Amino acid sequence: MSLNLIEKLESRHGAMKVSDLTELLGVDDKHIYRMAARGQLPSFRVGGAVRFDPHEVANWLRLKYGDQSFPAKKTPQREAAHLPEASSAA
């Protein structure tokens, strides 16, 4: 049984390099760099290197192509953003 693209991304652990995404998505590395620089593809930098969180890329694909068969998973940053703030009243 082969995994679909989103399942492949979600089964990965750790940051992905541009070369990992070019192989997985079948596009040129310059295309990946341009999309990341424009903010069209979720990415982050480590020093001068561009890296990708595979789960964020999977969520991006879901949003971009409307894949509702797999619900978007919350990332820890998103869960923290939804926590109620502590009251300052004592």
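**Chatting through a predicted chain**

Visitor: In what order do the elements run?
Guide: Starting at the N terminus, the order is α-α-α-β-β-α-α, with helices (H or I, at least four residues) and strands (E, at least two) taken as DSSP runs numbered from the N terminus. That gives 5 helices and 2 strands.

Visitor: What kind of model is this?
Guide: This is a predicted model, where local features need pLDDT of at least 70, side-chain atom pairs count only at pLDDT 80 or more, and totals for chains, interfaces and linings use all residues. Residues are numbered from 1 along each chain as its sequence is written, and side-chain values use heavy atoms, leaving out hydrogens and water.

Visitor: What's the mean pLDDT?
Guide: The chain averages 80, and 70% of its residues reach 70 or more; pLDDT is the predictor's confidence in each residue, from 0 to 100.

Visitor: And where does pLDDT stay under 50?
Guide: Over residues 78–90, where the model has 5 contacts beyond four places in sequence. Contact means heavy atoms within 4.5 Å.

Visitor: New topic: how many residues are in the largest nonpolar core?
Guide: 15, with Leu-9, Trp-60 and Phe-52 among those having the most contacts inside it. Such a core is a set of buried (under 20% relative accessible area, 1.4 Å probe, protein chains only) Ala, Val, Leu, Ile, Met, Phe, Trp, Tyr and Cys residues joined through side-chain atoms within 4.5 Å.

Visitor: Which helices supply at least two residues each?
Guide: α1 (5–10), α2 (18–25), α3 (29–37) and α4 (54–65). The largest share, 4 residues, is from α4.

Visitor: What does Ile-32 contact?
Guide: Beyond its neighbours within four places in sequence, Ile-32 contacts Val-18, Leu-21, Thr-22, Leu-25, Val-27, Leu-41 and Phe-52.

Definitions and conventions: Buried means under 20% relative accessible area, exposed over 50%, partly exposed in between (1.4 Å probe, protein chains only).
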